[in-house]
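Here is a walk through one protein model, taken a piece at a time. Keep the viewer open and follow along.

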Amino acid sequence: MDEMLDEKELERKMKKAQKAKEKEEKKLKAQEKAKKFQAQASASDGSKKEKKVKKRGTEDENPEDFVDPVTPDGEKKQLSSQMAKQYNPNMVEKSWYGWWEKSKFFVADEDSSKPPFVIVLPPPNVTGALHIGHALTAAIQDAIIRWRRMSGYNALWIPGMDHAGIATQVVVEKKLMRERKLSRHDIGREEFVSEVWKWKNQYGGTILTQERRLGASLDWSRECFTMDEKRSIAVTEAFVRLHKEGLIYRDNRLVNWDCTLRTAISDIEVEYKEIKEETFLKVPGYSKPVQFGVIHSFAYQLEGGLGEIVVATTRIETMLGDVAIAIHSKDERYKHLHGKYAVHPFNGRRLPIICDDVLVDPSFGTGAVKITPAHDPNDFEVGKRHKLEFINIFTDDGKINRNGGPKFEGMLRFTAREEVIKALDALGLYRDCQKNEMNLGLCSRSNEVVEPMIKPQWFVSCDEMARAAVEAVKSKKIEIIPQQYQDDWFRWLNNIRDWCVSRQLWWGHRTPAWYVTLEDDPIKDMGFYNDHWVVARNETDALSEAKAKFHGKGFKIAQDPDVLDTWFSSGLFPLTTLGWPDDTADFRVFYPTSVLETGHDILFFWVARMVMLGMKLGGDVPFRKVYLHPMIRDAHGRKMSKSLGNVIDPLEVINGVSLENLHKRLEEGNLDLSELAIAKEGQKKDFPDGIAECGADALRFALIAYTAQSDKINLDIQRVVGYRQWCNKLWNAIRFAMGKLGDNYTPPTSISVQIIPPVCKWILSVLNKAVLKTVSAMELYKFSDATSAVYFWWLSQLCDVFIEAIKPYFFNDSKEFESERAASRAALWICLDTGLRLLHPFMPYVTEELWQRLPQAEDAQNHPSFAKLLLLSLLKGNGGNKEWTNDQIESDMKIVLETVTKVRSLRPATDKNEKRAVLALCWTPQAKNLIESYDFLITTLASLSSIKILNDMDAMPTGCAIGVVNEHLSVYLELQGALNAEAESEKLRKKKDELEKLKTNLEMKMSASGYKEKAPPSKQEEDLKKLTSLMEELTIVRKAEEDLELAINREN
């Protein structure tokens, strides 16, 4: 289910992971950590004005007090006695996961009375290593499952791995050839399968270890593998049951054939390369590139001296299998040819001229179409409609077989292409070659050009199950999010084709079907008679079935050598992970699962098949919701590609990597020299300094925040770096709190909002709203909205406003601010405790570490970790804590913060934070009261020496920069000779122009025809208020312009 890694790359990944582990172990040594701290200690802690009260001076600091002691594997992390002065993701993210896992914090209880919430991890390939798509999946799913676990659910997230039939077989075959110079055919099926199991046990599953590095809170006690014993039994049972119901059958049909792997492949394993013009491509097995992007025209001679008929094709070699020529029944050019025949130039085969108005467009080309039913999907349907012969001209390895004629037999198909053209030209039948745009199907595993081939295979009849899957979405039994993909769901399932589940591989679930060869069968070839198959759970049952079917006849049975499509077993995953077909406690409690989260690219190939199989075999839909995340591109919107050098390894984002090592990774790959140069140049442009160490938390948060882009994510690593810097803000907020709360602080069980300072009332009110927004967003699967709500509250309200606002209360221990200090401590602790709980699902490591340092509340007594802590125990019901909600305070603070922002914007760029005085011109009593009430807060946040209130009768001050806050309030910042009158005048002019434009647009809207009749009264009232406000604000700006001009004139 993922991109396959080649053997060299996989080994490189393994070695890299081992080196990283050894490096971490070395870093655990206290001496090295102490040195690291000393380097950190030389940096500024970002606190330039506030002097933290300490029990001893900084000169007495012991560096080892800031270093975490070594934590034994699986034990709770031991924290340093002092918090490091800066956030370090590598240090913070150590040890926590081992403790979480050993403590079984992620294990769900089938006997729990809590409501279940279940997610199945899309099983990554056993050959895979972590890529950015996995990181996105893990980040989203872990946020969901941690959220539900902390919200009181019996949360279960099931890990598993897919056996990845083709991918794994290719890896082991390459290894076998490299190490022993043997093919799988040389050692035989049994020994080869044994070799694959050895490889799986040694190398497979690397990705699940890497999932732990991301912090994925999976229930590892329920880990499964699609080819373990329980899953294998379930796959067999599913096949047998579906066959008994007539939903699995055997037939000769067209499949996607890979001539290199010699197997049918699924549609999802076919990647289409868009070709605009004549192009030469490397194809496995050919010494020189093969021509594509052209269309060849040639003529067939008609019987009876009727002349010739010209056809065109991009695959001229397939003419060796032509059995007819199709025309449109109403095409006047060919009316005289109805019922006539053409003659094949190489074998004399008579080709009937048939009328097929479904296929033929008379306006396209010559209006005549060659028909090769065994090698083209459209021709296959024509062949069925007209009962034509199906002639396969290719061997399994892509050579011309005897049906192609002795002249071409044994040639590789693209070699035959050239020879057919020469032969036609020699007969005078070849006409021309023209440029032709096309989509060329390539196997994603082998890069082989896919060949449509007719093969006897096992198929799943999908019509009935597809109708049920359509109805499940229509009836809302399943909700697809984003909703835009519902139409795709209906379109695909309403036009579904039967599913080929046979694969000509050795690694996979052996098809539970046996061919019965009767003693009196004229032809003994296996599979020759389609009605000689029996399907059973084992060979003993197969013998019984054969005896019943062919009573009294002598026979032998042999199991189908093919295996089943990997997607068949993964399509059963929600069932088999919970114990189906057995009636297990897990199945009774946890099925159906709650949500399936995956990329929208496998909506049909995996999600739809899970729904069809789950409803048919499990009796209900396999999940209630489907959340489809976007596909990740690079910052420029390009698909990630090794040849572009823009593939992002999430572990390199987590741990950091130099440009040199990025280049080294490219050099270890399979790029040719020209591709390598392009890729290196791309890396140099995008990552000139490499990638900074960001940590798992910052990467997770960034990826989840990006999900607002519902189709594609253009991932800019600098955004991840920004969130890593934000983690430092969180770190410093807790450091500040630890200094202000003190060592023996007892958290409050409640807080009386009536008697606390306004800024404390405000922070609790906006916290309550942030919680409600986050809860609502998580419930609606709008994860980007959730991260935005949390981020804005932490950064813009808690850190930038509240913490800065309360600092003056702690400058000394004077009694003047004693009650404010107590209230601020209580509000600060509540904010940090609740804020960390809110953030934990997105950033589990840093929040766990910071929360462990906070004084603990009563509800945390029985919960040693965030992983088991209730999310919002301090908030009551769906409406949040209504006592905290204070719309008036929020309205006042909005104006206060606008005032602070305006004052800050008036400071000249050269200002060195000098405290200056502000004069506030208040046009209403309400504005005057607000400034008086929040004088201390504005002075603190804007770093002012004083605020003086003016009214419209006072003389306007000189030497001031002027700013309009709103229609009721203007501010004048005293600059004492630093005023740039021209610049201030320009600011006011721009503000006036902006307001006049808004006013004009609103007036035009309100005077438009039909406005009064169509716009709701509430909207008309809102617009009128807005217009009045704009006019009042314009008046103030114009007055400010006049005041500035007068002040300038007085000075002159």
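Start at threonine 260, in the loop between β5 (248-258) and β6 (263-265). Is threonine 260 buried, exposed or partly exposed? Its relative accessibility is 40%, so threonine 260 counts as partly exposed. Now look across the sequence. Aspartate 397 is 137 residues away from threonine 260 along the chain, yet their C-alpha atoms are 6.2 Å apart. With neighbours within four places in sequence left aside, threonine 260 is in contact with Pro284, Ser446 and Glu448.

Step back to the whole model, which is predicted. The protein has 1052 residues, and 55% of them count as buried. Its secondary structure comes to 34 helices and 33 strands. Along the principal axes, the C-alpha trace spans about 110 × 70 × 55 Å. Take the contacts in the protein with a separation of 6 or more: 76% of them are between residues 24 or more positions apart.

Next, helix packing. Helix α10 (residues 229-244) packs with helix α19 (residues 603-618), and their axes are 11 Å apart. The angle between the two is about 80°. An angle from 65 to 115 degrees counts as roughly perpendicular, and therefore α10 and α19 are roughly perpendicular to each other. Which residues of α10 and α19 meet? Ala238, Arg241 and Leu242 come from α10, while Leu613, Lys616 and Leu617 come from α19. By class, the residues of this contact between α10 and α19 are four nonpolar, no polar and two charged.

On the α23 side, the contact is made by Ala696, Asp697 and Arg700. On the α28 side, Pro844, Tyr845 and Val846 take part. The residues of the contact of α23 with α28 divide into four nonpolar, no polar and two charged.

Turn to the aromatic rings. A pair of aromatic rings is described by the distance of the centres and the angle of the planes. How many aromatic pairs does a search of the whole structure find? The search finds 41. Take tyrosine 87 and tryptophan 731: their ring centres are 6.2 Å apart and their planes are at 55°, so the pair is tilted. This pair links distant parts of the chain. Tyrosine 87 is in the loop between α2 (30-41) and α3 (89-92), and tryptophan 731 is in helix α24 (residues 717-741). The two are 644 residues apart. Both tyrosine 87 and tryptophan 731 are buried.

Tryptophan 793 and tryptophan 794 also pair, in an edge-to-face arrangement. Here the centres are 5.5 Å apart, with 80° between the planes. Tryptophan 793 is buried, and tryptophan 794 is buried too. Ring pairs also build a cluster, linking Phe239, Trp458, Trp499, Tyr515, Trp533 and Phe568.

Arginine 212 lies over the face of tryptophan 220, 3.6 Å from the ring centre. The charged end of arginine 350 sits over the ring of tyrosine 341, at 3.8 Å from its centre.

Finish with the backbone. Most residues other than glycine have a negative phi, and most peptide bonds are trans. Serine 95 lies in the loop between α3 and α4 (96-102). With 28% relative accessibility, serine 95 counts as partly exposed. Alanine 164 is not a glycine either, and has a positive phi of about 50°. Alanine 164 lies in the loop between β3 (160-161) and α6 (165-180). Its relative accessible area is 4%, so alanine 164 is buried.

Two peptide bonds deserve a look. Tryptophan 580 and proline 581 are joined by a cis peptide bond, with omega about 15°. Proline 581 lies in the loop between α17 (573-576) and α18 (585-590). The bond from tyrosine 591 to proline 592 is cis, with omega near 0°. Proline 592 lies in the loop between α18 and β26 (593-599).

Note on methods
Residues are numbered from 1 along each chain as its sequence is written. This is a predicted model: local features need pLDDT of at least 70, side-chain atom pairs count only at pLDDT 80 or more; totals for chains, interfaces and linings use all residues. Side-chain values use heavy atoms; hydrogens and water are left out. Rings of Phe, Tyr and Trp (its six-membered ring) pair if their centres lie within 6.5 Å; planes under 30 degrees apart count as stacked, over 60 as edge-to-face and the rest as tilted. Helices (H or I, at least four residues) and strands (E, at least two) are DSSP runs, numbered from the N terminus. Buried means under 20% relative accessible area, exposed over 50%, partly exposed in between (1.4 Å probe, protein chains only). A charge sits over a ring if NZ of Lys or CZ of Arg is within 6 Å of the ring centre and within 35 degrees of the ring normal. Axes are lines fitted to C-alpha atoms, for helices over the stretch in contact, and angles run from 0 to 180 degrees between N-to-C directions. Angles under 35 degrees count as roughly parallel, over 145 as roughly antiparallel, 65 to 115 as roughly perpendicular and the rest as oblique. Contact means heavy atoms within 4.5 Å. Ala, Val, Leu, Ile, Met, Phe, Trp, Tyr, Cys and Pro count as nonpolar, Asp, Glu, Lys and Arg as charged, and the others, Gly among them, as polar.
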